[in-house]
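Dear colleague,

Here is the structure that I said I would hand over to you. Please open it beside this message, so that you can follow each part as you read.

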Amino acid sequence: MAKAKAFFLSFLFSFLALSFLLATLFGSVYIPLGELFAPQGVYKEILLDIRLPTVVSAALIGASIAVSGAVLQLLLRNPIVDPYITGTASGGAFGAVLAYFLLAFGLPFSWVIYFSPLVAFVFALFSTLVTIAIGRRGGVYGIVVGGVVVSYLFSSLITIMLVLIELRFPQVPPLTFWLLGDVQVVGWEFVVTLALLVSILLSVGIAQARKIDLVSISDEMSYARGVNPSRFRVFWVVMISLVTAFIVSQVGIVGFVGIVVPHIIRKFAGGSATTLVPFSALLGASTLLLSNVVADGALGVKIPITPITAILAFPVIVCALVRGVANQGA
Amino acid sequence: MLIKGLKVKLSNKLVLDNVTVELKDGVNLILGPNGSGKTTLLRAIIGMVKSMGGELKVEGEKSYVPAEFFNAQMKVIDVLLSGGEGRLVEYLSYVDYLNLRDFLDRDFSTLSTGEKKLTLIAKALAEGDLVIMDEPTSGLDLRNSAKVVKVLREVKKTFIVATHDLNFLRIASWAILMKEGRVLFQGSPRDVDETMLTELYSTPVRKVEVDGNIYFLA
């Protein structure tokens, strides 16, 4: 059994390396393989200032969304949730867009950049807690329905605000494309902060994996072992909202990776957080890297990333709905 | 061990009304109809529901076998190890005792109801000296129920067991009868009689003796 796990792990690592290489070569500009190791001129600039930060960001974003999905699925005892379904991402996006209204108070544009992740976090947390509150009364589907309703509310508010922003501040670049996920990163500032957040998420996730498992099985068993499951859930929801909000405020909403990836890992390596968290990080990174190759112009045109991940996710979610959840009799 | 003056209100209803119970070594049995406050009492002991006043003098490492739990899609071995830093070795004696060795690598969610319950019982036995069980035999077939009874008879730990199975009286060292959030009777299981149980369940209960063993029939 341990052998199969080691084999799967080495497969995931090789897959990640391959995805990383492909994502570095392909994009809106193709960088020839020869230029990769000794880049010169314009290739050097593209590679170091745009391509590499973008690719590293994509990998980190994929990893963190997949890990967030895996942890949420366990703690909320629901195999089809992720930060997108729970409304976390929509709330965060709403906050990020709302921050642009600060322009109305005459604040400089550069302030908005720093302020928007904060506002995004507040609303990401708020929307997630509302979804969970709805889900408490409605069981497995309650949380999904609650998330859809909450997402719908915030998407509507975003649409209204976008229209207003376009009217009042024509100098702000259009945000519609960004909203559906636009992983295009220039420079390393964002990457460093993101890397820090993701490594905290991942290391806490691995350190607390057994505890996450326990809380997923039973609240009574958790209390008996001195773990307050409600407090534990809140801790994780806050942390996931923080990371999701930071991501959303920079690259928009990246959906579905958090559902698909843990689902596949669960099939092949079991659903304990001890494997689900680290393995999901690896596969999540690869999934977003490859999706971003398509999004970043491999088909000759730039496409937002969520439509691509959504198409990838469709069969998996249908499968989970028809078999997984149905079998649990929930 | 002593639990004194517990008062618990849940959504404006007094679920435990000044509950004072003594706990003995061996099997402490909590009997009572649905909604009598058995589960709430167990939850108060682990701190899941807060009591307004009163005190809990409970010693030892607690562990809990819940009546309902999530059908986790993880290996049995991961279910056993969940919540601790413990290694499998610490669980193996109870795993073997309950014949669960072959299940270790199986997916917990694919086990039968009885096998799942026994897994959680093995975990609780390995982790606690004060083992709390909420309806450990509900939904179990005769063979698996007998295994649970065997555990309660043979394992030297303090158990608090809430159940609807009156036959547990034969293996209990202390019986607590609860109705509408109050303690109707507590004492030796030998002193529990037909009249008490009839009052407890508001339905006639008969006591019969077969081969020197006492059985209660509704």
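How much area is buried between chain A and chain B, and what percentage of it do carbon and sulfur atoms give? Please keep in mind that this is a predicted model, and that the values here are computed from it. The area buried between the two chains is about 2300 Å², and carbon and sulfur atoms give 61% of it. On the side of chain A, the residues that lose the most area to chain B are A:Arg210, A:Ile217 and A:Glu220, which together make up 29% of what that side buries. Counted by contacts, 23 residues of chain A meet 26 residues of chain B.

The polar side of this interface can be described as well. Between chain A and chain B there are three salt bridges, and in a salt bridge the side chain of A:Glu220 meets that of B:Arg43, with 2.6 Å from N to O. Seven residue pairs are found in polar contact across the interface, with both residues of a pair at pLDDT 80 or more. As for the helices involved, α8 (209-217), α9 (219-224) and α11 (257-269) of chain A each supply at least two residues of the side that touches chain B, and the largest share of that side, six residues, comes from α8(A).

In chain B, helix α1 covers residues 38-45 and is mostly covered itself, since six of its eight residues are buried. The buried residues of α1(B) are B:Lys38, B:Thr40, B:Leu41, B:Leu42, B:Ala44 and B:Ile45. After this helix comes B:Gly47, which has a positive phi, near 85°.

The last topic is a patch on the surface of chain A. The residues A:Tyr141, A:Val145, A:Val149, A:Phe314, A:Val318, A:Leu321 and A:Val322 form a nonpolar patch there, and their accessible area together is about 640 Å². Helices α5 (109-168) and α13 (305-327) of chain A each supply at least two residues of the patch, and α13(A) gives the most, with four residues. A:Val149 counts as partly exposed because its relative accessibility is 49%, and the exposed class begins over 50%.

With best wishes

Terms used:
Residues numbered from 1 in each chain as written. Chains lettered and ligands numbered in written order. Predicted model: local features only at pLDDT ≥ 70, side-chain atom pairs only at ≥ 80, totals over all residues. Heavy atoms only, no water. Patch = residues over 30% accessible without salt bridge, like charges linked within 9 Å, V, L, I, M, F, W, Y side chains within 5 Å. Areas by Shrake-Rupley, 256 points an atom, 1.4 Å probe, with all protein chains shown as cover. Salt bridge = Lys/Arg side-chain N within 4 Å of Asp/Glu carboxyl O. Buried < 20%, exposed > 50% of the residue type's maximum accessible area, 1.4 Å probe, protein only. Contact = heavy atoms within 4.5 Å. Buried area = accessible area lost by both parts, 1.4 Å probe. Polar contact = N/O pair within 3.5 Å; in protein donor to acceptor, adjacent residues only side chain to side chain.
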